[in-house]
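Reader: I am new to this structure. Could you take me through it with a few questions and answers?

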Amino acid sequence: MLTLLLILLAVIGLLVVMRREAGATSALAVLGVLSIAGLLLDAELTGVVLLLGAALIAAAGLPMLRRRWLTPRLFAMFKKVAPKVSDTERTALEAGTVSWDGELFSGKPQWNRLLDYRDDGITQEEQAFLDNQCAKAAGMCNAWNITRERADLPQQLWDLLKREGFFGLIIPKQYGGLGFSAKAQSLVLQKLSVNETLMVTVGVPNSLGPGELLLKYGTEEQKDHYLPRLADGREIPCFGLTGPRAGSDATALPDTGIVCKEMIDGKEVIGLRLNFEKRWITLAPVATVVGLAFRLFDPEHLLGDEANRGITLALIPRDTAGMEIGRRHHPIGSPFMNGPIKGRDVFVPLDTIIGGPEMIGQGWRMLVECLSIGRCITLPSGATGTARYALGWSGGFTRIRRQFNVPVAEMEGVQEPLARMAALAYISQATVYQTANLIDHGEKPAVPSAILKSQLTEFQRVILSDAMDVHGGKAVTLGPRNYLGIGYSANPVAITVEGANIMTRNLMIFGQGAIRCHPYVLEELAAKDADDIQAFDKAFFSHAGLIFGNAARAFTLGLGLGKAKVPFEGPAAVYAQDIARLSAGFGLCADAAMASLGSALKKREMLSARLGDVLSNLYLASMVLKQWQANDKRVEGEEALLHYSCRFLLQRAEQAFVEVFDNLPNRPLGKTLKWIVMPTGRRWDKPHDDFAREIAGKVSTHSALRSKMLENTWDSDDGEVSNPLARYNALLVDYEHAEKLYRTVNKAYAKGEIPETALHPEQRVTAALEKGLISEEDAKFMGIFEAKVLEMLTVDDFAYDEFATDKATLIDHNAA
């Protein structure tokens, strides 16, 4: 009995030491005291075993001892198995900053560090721009007209965008721009997402492109010349990066620039001779200035001893001799300006290099640093805006669309996708807003940018598919009245560009995060490169302490022993505590995968993707909680949405864990990790149906929750084109009154009080009025209401020959 008690106390004591990462000295104290107790209390064998354990910990854990025999051997082994980091990878790893993503990698997230990023909202000027200029721009867009009839935005809309500074959202006021915050930029793009072409046209110049590159790296002369012209639309920029053979692997650029001399106006000028072929370049057909990425070579050593000068960026006017520009690609579902650019023997002077000659060879670093911000905002904001519009349209449609004498929004088969749409929109909105808030505080979130881009555009895909399902025939019939179908068909663009989601999920999120966000891996690699054994010893054994700490935290928290301290109250607390638990498990699994696979982990893309899925879902759930905590205007039904969203994300995180355990090549390791991280199995199921019913009811009626979800969308009917969202909102305001009359009339019809031939709603209303079942005022109300409903349910039809571009090929199938 005494032996069992000593062993139990030793296990508990070591778990406490490990969980607190208290170090070898504390572990020695625990085992030392217990071993002495065993020797004194007639449990000599147990005491000896504990003493041996203490000796092993001392030899491996005390710096004075381990550095003599253990560290040199570990260092030699590490040098052999550590992955080699290329210059390109190192540049990407060093780009951006680490914030909450690093906390999740640590396994012991400090929630106050996230909550300390205060949210001061947006300025009155930014809100006024959203309410006025953005609403006006949105009100000039009809998807059918833009996509099928003109294949472009209307001229008056282009004029508005230039005049009101839409292309200068991120350009400081000193250069004539608007100087908006990241949050405001995101909200602008969300509002403009009512039309895909409009959002892309405004989003791209304010994302990765010449404007941001000039702001960060341009010479003063370049800034003074170009930034005011970009801000007011005199210059339209594009950026040429991808090409026929360089897509996701943008570093595989085959485009070249050769340093050479050229006679210009009788003077010999040193410049670059460029040869390039670019594809899929947004705004290229209308751009007046082209940002270009290429590999620079100096074979004649005109600039120095080095011949291969690396990836370099230049800014080239459209009318430069030798450049072919103006043709268009046809992006699926959306006619936003996109096309190829070619150049043969294009000569430009050195001052076209962004940042001047000092920035030669720095192009890849410049790009990845800019991408860490732009990729957090543009496409994630577009996806979030699309989600909110799709939810608004779908909630309205399913409430006014009646089948079997009830609104289809009352059918559980429709409530399920409605609730899912609402939750994904809620998660997206919280994530993109709070990440933009991090940017406004000076962060440059590299790993979160990959999370947001891939996860939120995938949410957009699900939301649009659900919206199509609940709309049915209304959405599959194209025409001016169809507000959904064209955007649905354009969704693959968001999935593909700015880092295809397949690549981003499989390679970038965990692949970059495992080194960039891990507390010690980057230090270990730096020590290896510097051959610094002292630095390696410090980093490696701190890393070892973290591994033991995460194992103890994951196991004890999984058993329900102790709870992580979190600064949340109410319904958010349990989710924050479980994010902390799963963060410890994630940190442990990340280290286990890296240790067991080494450099081979790069090729285990499916395993890397699942680890990335864990991190992604924990990050998204954290942003939802951050938004909830900062939310001082919670509305009825929002708590159900919080529960649904967090349970949805945590269930996905646990599923990804299970797939990691089941697919680790080292099977005993996989089973051990499963036992440590999930000792009692999974905790989270899919969200309960009760949440789905409550949420669906709120978003399909005139409720505070629906209004909050649609805040800062274009919801007024004062534009140049009809606004379906505004029309649905107006119908939902009157719906409760209409529903009472529906029940009265339909009940009378079922009883035979109204003629059987009254099959249309309008006929039944008239018959009910004649029978005195409803008042004349109610009949008039229902006549107007039903006319509006029918207008929203109506789809377009066209002349027989409308769709044939070559009328000569038409077949008259009824010639006889």
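Reader: What is the relative accessible area of E262?
Author: This is a predicted model, where local features need pLDDT of at least 70, side-chain atom pairs count only at pLDDT 80 or more, and totals for chains, interfaces and linings use all residues. Residues are numbered from 1 along each chain as its sequence is written, and side-chain values use heavy atoms, with hydrogens and water left out. With a 1.4 Å probe and protein chains only, buried means under 20% relative accessible area, exposed over 50%, and partly exposed in between. E262 falls in the partly exposed class, because its relative accessible area is 25%.

Reader: Which residue forms a salt bridge with E262?
Author: Side chains of opposite charge can pair when their charged atoms come close. A salt bridge here is a side-chain nitrogen of Lys or Arg within 4 Å of a carboxyl oxygen of Asp or Glu. The closest N and O atoms are 2.4 Å apart, and the partner of E262 is R273.

Reader: How many residues apart are E262 and R273?
Author: Helices (H or I, at least four residues) and strands (E, at least two) are DSSP runs, numbered from the N terminus. E262 is in strand β2 (residues 256-264) and R273 in strand β3 (residues 267-282). The pair links distant parts of the chain, its members being apart by a residue count of eleven.

Reader: Is K223 buried or exposed?
Author: K223 forms a salt bridge with E220, with 3.8 Å between the closest N and O atoms. Both lie in helix α14 (residues 220-231), three residues apart, about one turn of the helix. E220 is partly exposed because its relative accessibility is 46%. At a relative accessible area of 13%, K223 counts as buried.

Reader: How many residues apart in sequence are the parts that E412 and R693 tie together?
Author: The side chains of E412 and R693 meet in a salt bridge, at 2.7 Å from N to O. E412 lies in helix α16 and R693 in helix α27 (residues 689-699), so the separation of the parts in sequence, in residues, is 281.

Reader: How many salt bridges does the rule count?
Author: Some salt bridges share partners, and D578, R581, E654 and R683 are joined in this way into one network. By the same cut-off the count of salt bridges comes to 35.

Reader: Which helix supplies the largest share of the lining of the second largest pocket?
Author: A pocket is an open set of points on a 1 Å grid over the protein atoms alone, with protein on both sides within 12 Å along at least five of seven lines; a cavity is a set where a 1.4 Å probe fits but cannot get out, and lining residues have an atom within 4 Å of a point. The second largest pocket holds about 720 Å³ of space, where a volume is the space filled by probe spheres set on grid points joined across faces, edges and corners. Of its 23 lining residues, D119, Y433, Q627, K708 and E711 are the closest to the centre. The largest share of the lining is five residues, from α16.

Reader: How many charged residues are in the lining of the second largest pocket?
Author: Ala, Val, Leu, Ile, Met, Phe, Trp, Tyr, Cys and Pro count as nonpolar, Asp, Glu, Lys and Arg as charged, and the others, Gly among them, as polar. This lining has eight nonpolar and eight polar residues, and its number of charged residues is seven.

Reader: What volume does the largest cavity have?
Author: The whole structure has three cavities of 30 Å³ or more. Among the 19 lining residues of the largest cavity, S193, V194, N195, E196 and G487 lie nearest its centre. Helix α15 gives the most to this lining, with four residues. The volume of the largest cavity is about 200 Å³.

Reader: How many nonpolar residues line the second largest cavity?
Author: The second largest cavity holds about 40 Å³ of space. The residues that line it are F167, I170, I171, P205, G211, L230 and P237. One is polar and none is charged, and the number of nonpolar residues is six.

Reader: What distance separates the centres of domain 2 and domain 3?
Author: The domain bounds come from an automatic or database domain assignment. It gives domain 1 (1-68), domain 2 (125-374) and domain 3 (722-815). Taken over C-alpha atoms, the distance between the centres of domain 2 and domain 3 is 49 Å.
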